[in-house]
Each structure stands twice: as C-alpha cells, then as structure tokens.
Amino acid sequence: MTSLPVLPLSTGAPPRRPARPPRHLADLDLAGRQALVVELGEPAFRAKQLSTHYFGRLVRDPAQMTDLPAAARERLAESLMPTLLTAVREMACDDGATRKALWRLHDGALVESVLMGYQDRVTVCISSQAGCGMACPFCATGQAGLTRNLSTAEIVDQAVYLAGVAASGAVSGSPPRLSHVVFMGMGEPLANYARVIEAIRRLCAPAPEGLGLSQRHITVSTVGLVPAMRKLAEEELSVTLALSLHAPDDELRDELVPVNQRWKVSEVLDAAWDYAARTGRRVSIEYAMIRDVNDQPWRADLLGRLLAGRLAHVNLIPLNPTPGSRWDASPKPVEREFVRRLRAAGVSTTVRDTRGREIDGACGQLAASETGSADGR
C-alpha cells in the first residue's frame with residue numbers, strides 16, 4: 001500500500017446550513033457557459049477554450065490555461081472554475097491499480113471516489129451525495145447519515161480529476177483514458193436525481209461540452225426508489241441500472257435495505273424489468289454476501305426463481321466489513337455454493353473483484369476513519 005500526500009483536515013464541524021456549492025462550468029451546458037462568459041464581458045469563444053481545457057485536456061488549474069489572457073483568466077476562473085474538491089487523503093494499493101481519494105467540499109463535507117485500473121479499461125466510482133440517508137446497517141456511509149446532495153459539478157469533478165490521473169500514466173498496465181463511470185460511491189444517486197442526470201449528460205457529451213464517455217459505460221445504482229427508477233426509464237439514456245437488492249425476501253430486506261418498507265421486492269423488481277424492457281439494457285442485481293444473514297442456500301434458490309428468464313445479471317459482492325460492525329463476509333465455500341445455485345437456475349452470476357481492502361475500500365470507510373481521527377476518537 002502506498003500513502004500519498006495528506007492535507008490537514010479542519011476539526012471544526014461543518015456549518016449546519018451550508019451555503020450552496022459555487023457555480024462551476026460543469027454545472028452548465030456549453031450554451032450556458034457561453035452566455036455567462038458574455039455576461040462577464042468576454043467573447044463567447046472563451047467558454048469553448050475553458051471547456052476544452054477542463055473536459056478535453058483534463059486541466060483543472062486555471063493557471064495552466066495560458067492561451068487565455070491573464071486578466072481574463074482570473075475573472076473567468078473566479079466565475080467558472082472555482083475549486084470544488086480539496087484532497088484530504090489519497091491512497092493507492094493493488095500495485096497502484098486502485099486509488100482512493102477523500103475530498104473535502106467547500107462546506108467541510110467529505111466525499112470519496114475511487115479509480116480502478118484493469119487491462120482493458122479504467123473505471124471510476126464516484127459519489128452523488130455526502131453521506132447517505134438510506135440507512136442500510138451494513139454500509140459505512142449509511143451509518144453516517146446524509147449530509148447533503150452534491151451539485152452536478154461536484155459529481156463531475158471527481159471523474160475529471162481521476163480521468164487526469166489515468167491520463168498521467170499513474171495506473172500502470174491500464175489504458176490511459178477513463179472509459180467507465182459507476183455511481184456506486186457515497187449516497188443514493190436517485191435521491192439526487194436531477195443533478196445525477198445532468199452529471200451523466202456532462203460525462204457523455206462530446207468534448208468540449210463533456211468528457212465524451214459512452215452512455216453504455218455508465219452505471220447508476222439504487223437501493224430501489226421505484227418512482228425514480230421509472231422516471232429514469234423515460235430519460236432515453238442507455239446507462240446500466242444496478243439494483244442493490246441484498247435479499248430476495250421482504251422480511252430480511254426490510255432490515256438490510258430499510259427503503260424496502262416502502263417499496264417491496266416485487267415492486268422494485270417490476271420497476272427494474274420495466275427499465276430493462278424500455279432500454280434493452282441488462283439490469284445488474286447487486287447482492288452483498290453477509291455471513292449467516294443472506295447467504296443461505298434457500299435464499300439463493302429464491303433469488304434464482306425471481307430472476308430466471310429476466311434480462312439480469314447478479315453481481316455478488318464479498319462484504320468489506322466496517323470497523324466494529326457485527327456484519328462479516330460469507331465464507332468462500334458458502335459463496336461458491338450460492339453462485340452454483342444461481343447458475344443452475346439459469347441466472348448469469350459473477351463475484352465482484354475485491355479491490356481496495358487495504359485502503360478502507362468499502363464506501364464510506366475512509367470518510368468515517370477521517371472523521372473519527374478529526375474528532376479525536
């Protein structure tokens with residue numbers, strides 16, 4: 001494991017009513033940026049210059065944008081390129097192929113994002129909220145509660161930063177270009193619906209308006225907010241929907257995913273199948289394997305019956321336990337039997353690659369450890 005530079009973290013508590021994040025060019029489409037640049041007394045083409053630096057060259061520091069006149073650069077940077085994310089801690093493991101960043105936002109809130117390099121792709125996992133209000137008891141972020149929604153630009157800036165890391169060649173053995181983004185960091189993406197949709201549009205718009213990623217390489221996770229799932233199906237986007245199911249029966253899912261008390265397993269799966277039918281995209285069923293909780297053979301069989309014949313793939317996740325938690329990962333023999341039963345039912349199933357265990361890899365762990373150290377615990 002390699003520990004990268006750490007910036008001091010203020011021990012003061014964030015304001016109870018934080019100000020809105022500063023406006024950033026990533027909050028606006030290209031036309032909106034042009035209009036703002038003209039309001040500032042600059043020619044409209046300056047918006048394209050700024051956008052080319054940010055989205056095309058992955059330059060986030062206005063001082064490096066030397067093709068802009070110095071006086072204009074300062075004025076434009078203040079209005080369109082404010083600092084959104086300040087690095088608190090960056091860590092790397094897996095021989096540098098996994099890199100996790102903890103960010104402090106303008107109001108002191110903490111969020112995390114992760115870069116994962118593979119032979120054929122570079123994926124980043126980004127946060128959509130600071131904290132999470134879904135209260136899943138086995139999740140470090142859920143235990144911390146919700147601080148606030150992120151702005152569109154705060155979401156996008158995580159991807160742009162990590163795309164720059166990949167482009168620098170820091171992830172050896174992987175392509176130098178970011179190709180995949182998963183909304184599986186801190187927060188429930190569909191609880192910050194409008195900003196997440198705008199962020200997706202920025203990520204997928206061609207440069208210089210956006211990063212130019214394929215919609216098919218974007219994954220949006222949800223614990224099962226049914227109205228938002230149905231709304232997403234109407235957006236005419238080709239993103240992958242990942243449903244964090246974690247239990248096939250309502251009795252257990254009510255405990256593991258409290259929102260199930262509002263929308264039951266049958267309702268959530270109906271919305272998922274509607275999404276698949278509308279988009280033609282296979283739904284990813286996320287299932288954290290928790291020892292002696294949801295890993296029984298009969299639950300594998302029930303899950304197999306629910307998913308058989310559907311446009312779905314099961315992604316089993318070996319639980320990354322949080323410190324002091326009563327939850328633990330399923331033993332490997334139990335995991336293998338669960339996989340066998342699902343595949344016997346005709347359900348496509350894989351086990352997620354375990355990355356980042358050395359660097360508090362589970363979502364929310366790094367923020368929790370940093371908050372704890374700041375509070376003196």
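Contact here means heavy atoms within 4.5 Å. This is a predicted model, where local features need pLDDT of at least 70, side-chain atom pairs count only at pLDDT 80 or more, and totals for chains, interfaces and linings use all residues. Residues are numbered from 1 along each chain as its sequence is written, and side-chain values use heavy atoms, with hydrogens and water left out.

**View 1. Proline 248 and its neighbours.** Proline 248 sits in the loop between β10 (240-244) and α8 (250-256); helices (H or I, at least four residues) and strands (E, at least two) are DSSP runs, numbered from the N terminus. Leaving aside residues up to four places away in sequence, proline 248 touches Val265, Tyr287, Arg299, Leu302, Leu303 and Leu306. From proline 248 to leucine 307 it's 59 residues in sequence but 9.8 Å in space, C-alpha to C-alpha. Proline 248 counts as buried because its relative accessibility is 5% (buried is under 20% relative accessible area, exposed over 50%, partly exposed in between, with a 1.4 Å probe and protein chains only).

View 2. With a relative accessible area of 7%, histidine 246 is buried. Aspartate 292, in the loop between β11 and α10 (297-307), has a positive phi as well, near 60°. Buried or exposed, then, for aspartate 292? At 63% relative accessibility, aspartate 292 is exposed. For a cis peptide bond, look at alanine 207 and proline 208, where omega is about 10°; proline 208 is in the loop between α6 (193-204) and β9 (218-222).

**View 3. Helix α7 against helix α9.** The axes of α7 (residues 226-233) and α9 (residues 265-279) come within 9 Å and cross at roughly 5°. That makes α7 roughly parallel to α9. Axes are lines fitted to C-alpha atoms, for helices over the stretch in contact, with angles from 0 to 180 degrees between N-to-C directions; under 35 degrees counts as roughly parallel, over 145 as roughly antiparallel, 65 to 115 as roughly perpendicular and the rest as oblique. Residues making the contact include Val226, Met229 and Leu232 of α7, and Val268, Ala271 and Tyr275 of α9. By class, the contact has eight nonpolar, no polar and five charged residues (Ala, Val, Leu, Ile, Met, Phe, Trp, Tyr, Cys and Pro are nonpolar, Asp, Glu, Lys and Arg charged, and the others, Gly among them, polar).

**View 4. Aromatic pairs.** The structure has four aromatic pairs: rings of Phe, Tyr and Trp (its six-membered ring) pair if their centres lie within 6.5 Å, with planes under 30 degrees apart stacked, over 60 edge-to-face and the rest tilted. One of them, phenylalanine 138 with tryptophan 327, is edge-to-face, at 6.5 Å centre to centre and 75° between the planes. Its partners are 189 residues apart, with phenylalanine 138 in the loop between β6 (129-131) and α4 (140-144) and tryptophan 327 in the loop between β12 (312-318) and α11 (332-344). Tyrosine 287 and phenylalanine 338 make a tilted pair, 5.2 Å centre to centre with 40° between the planes. Tyrosine 287 is in strand β11 (residues 283-289) and phenylalanine 338 in helix α11, so this pair ties together parts 51 residues apart in sequence.
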